[in-house]
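Please keep the sequence and the 3D view open while you read.

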Amino acid sequence: MEKYITYILEQLKTIMAIDSPTGYTKNMTDYLVMEYRRLGYDPTLTVKGGVLVKIGGKEESDAVLLEAHGDTLGAMVSQIKSDGRLKLTPLGGMNPCNAETENCRLVTREGKIYEGTFQLINPSIHVNREFSETKRSYDTMELVLDERVSSREDVKKLGIQNGDVVCFDPRTTITKSGYIKSRFLDDKLSVAILLGYAKYLKEEQIQPERCLYQHITVYEEVGHGASATVPSGVTEILSVDMGCVGDGLECDEHQVSICAKDSGGPYNYEVVSALIAAAKKAQADYAVDVYPYYGSDAEAALQGGHDVRHGLIGAGVYASHGYERSHVDGVRNTFLLLKSYLG
């Protein structure tokens, strides 16, 4: 199994290096299509831009759709200010407090890339007496371009305009002790895990009883990633997303989390029970939790009108929507659960 864990971590580093804030995901999905083909599959792009692929199985009338999302948090230029600084609006739930001083890449509609930093307005402590008291928001912060600009006209001459996408540096690192630290582990860690599971089925020549599909969605961070594109015969959707770590929850970064309920309501009782049984059978280190502020692709599919059972699992992730942290153990336990539950 360890060769698949190694592959997952390699893929994680690769896709983390491909910027994909929600709405700007083509470079990432192009890579995923290429990688699925390299593994021996025949992926297709959905009209919305996600990646859908059948990965095996026999019984097509009781199929399972595995979902993870490749879109991440980010921002968009909403105003070019008179001093050449840029006001941003968030893409998804990027909290400005978590993004302060982060390096960014701005992508123009023509494909030019400019670097900059997301800073508090007047960010020098030696100048700004209200530095500590100022509430961080998209009204009090701005993107400072690493270009010699001092006016709106200077910025526009670079080809920059409102609506240009801003990508935040993920700062991905894997420590010697196995901790995985990066922005956007939610949910690129699960994308890498699904790639690893697809590789495992192909190389071990395993044919699960139920037909299996994988769907890498691209609008989860704004709520409608999996609201469509459910193949015929699918009766169950299993969202593989991040497991919540925090006060009042049992899960930590070393475990796989099984969600019983989130802000959208309870997950299917039979699916959750079967996931718990499969985790026990595989001797995977797991936790069952109720997430207070969370919504998943599986729920988006139900809200889109699909008549399916649904579940949610994921490796434990600390500091969600910030500089996140998980562990190789969490990856391993999630992989073990998928193997046990699906074949």
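Is Cys211 buried or exposed? With a relative accessible area of 0%, Cys211 is buried; the word means under 20% relative accessible area, while exposed means over 50% and partly exposed lies in between (1.4 Å probe, protein chains only). Before going further, please note that this is a predicted model, in which local features need pLDDT of at least 70, side-chain atom pairs count only at pLDDT 80 or more, and totals for chains, interfaces and linings use all residues. Residues are numbered from 1 along each chain as its sequence is written, and side-chain values use heavy atoms, with hydrogens and water left out.

Let us turn to strand 12. Helices (H or I, at least four residues) and strands (E, at least two) are DSSP runs, numbered from the N terminus. Two strands pair if DSSP finds at least two bridges between them. Strand 2 (residues 51-56) runs antiparallel to strand 12 and is joined to it by 5 bridges; here Gly56 stands opposite Leu212. Strand 3 (residues 59-69) is joined to strand 12 by 7 bridges, and these two run parallel. In that pairing, Leu65 faces Tyr213 of strand 12.

Strand 8 (residues 141-145) is another covered element: it is largely enclosed by the rest of the structure, because 4 of its 5 residues are buried. Its link to strand 7 (residues 113-120) is antiparallel and consists of 5 bridges. One place to look is Gln119, whose bridge partner in strand 8 is Glu142.

Next comes an open sheet of 3 strands, with the order 10-11-19 and antiparallel pairing. Strand 10 (173-174) and strand 19 (324-327) are its edge strands, each pairing on one side only. Strand 11 (residues 179-182) is joined to strand 19 by 4 bridges, and Ile180 stands opposite Ser326 of strand 19.

Grid points are joined across faces, edges and corners, and a volume is the space filled by probe spheres set on the points. The largest pocket holds about 370 Å³ of space. Of the 20 residues that line this pocket, Met242, Cys244, Tyr293, Tyr294 and Ser320 lie nearest its centre. The lining of the largest pocket divides into 9 nonpolar, 6 polar and 5 charged residues, where Ala, Val, Leu, Ile, Met, Phe, Trp, Tyr, Cys and Pro count as nonpolar, Asp, Glu, Lys and Arg as charged, and the others, Gly among them, as polar.

The whole structure has 3 cavities of 30 Å³ or more. About 50 Å³ of space lies in the largest cavity, and its lining includes Met16, Asp19, Cys167, Phe168 and Lys188. That lining is made up of 8 nonpolar, 2 polar and 2 charged residues. The second largest cavity has about 40 Å³. Among the residues that line the second largest cavity are Thr46, His215, Thr217 and Val218, and the makeup of the lining is 2 nonpolar, 6 polar and 1 charged.

A disulfide is a covalent bond between the sulfur atoms of two cysteines. Counting a disulfide as a pair of cysteine sulfur atoms within 2.5 Å, the model has 0 disulfides.

Finally, visit two residues with more open surroundings to inspect. Asn162 sits in the loop between helix 4 (152-157) and strand 9 (165-168) and is partly exposed, with a relative accessible area of 45%. Leaving aside neighbours within four places in sequence, Asn162 is in contact (heavy atoms within 4.5 Å) with Val77, Ser78, Gln79 and Ile80. Arg37 belongs to helix 2 (residues 26-39) and is exposed, at 53% relative accessible area.

Terms used
1 Å grid on protein atoms, 1.4 Å probe; cavity = no way out; pocket = protein on both sides within 12 Å on 5 of 7 lines; lining within 4 Å.
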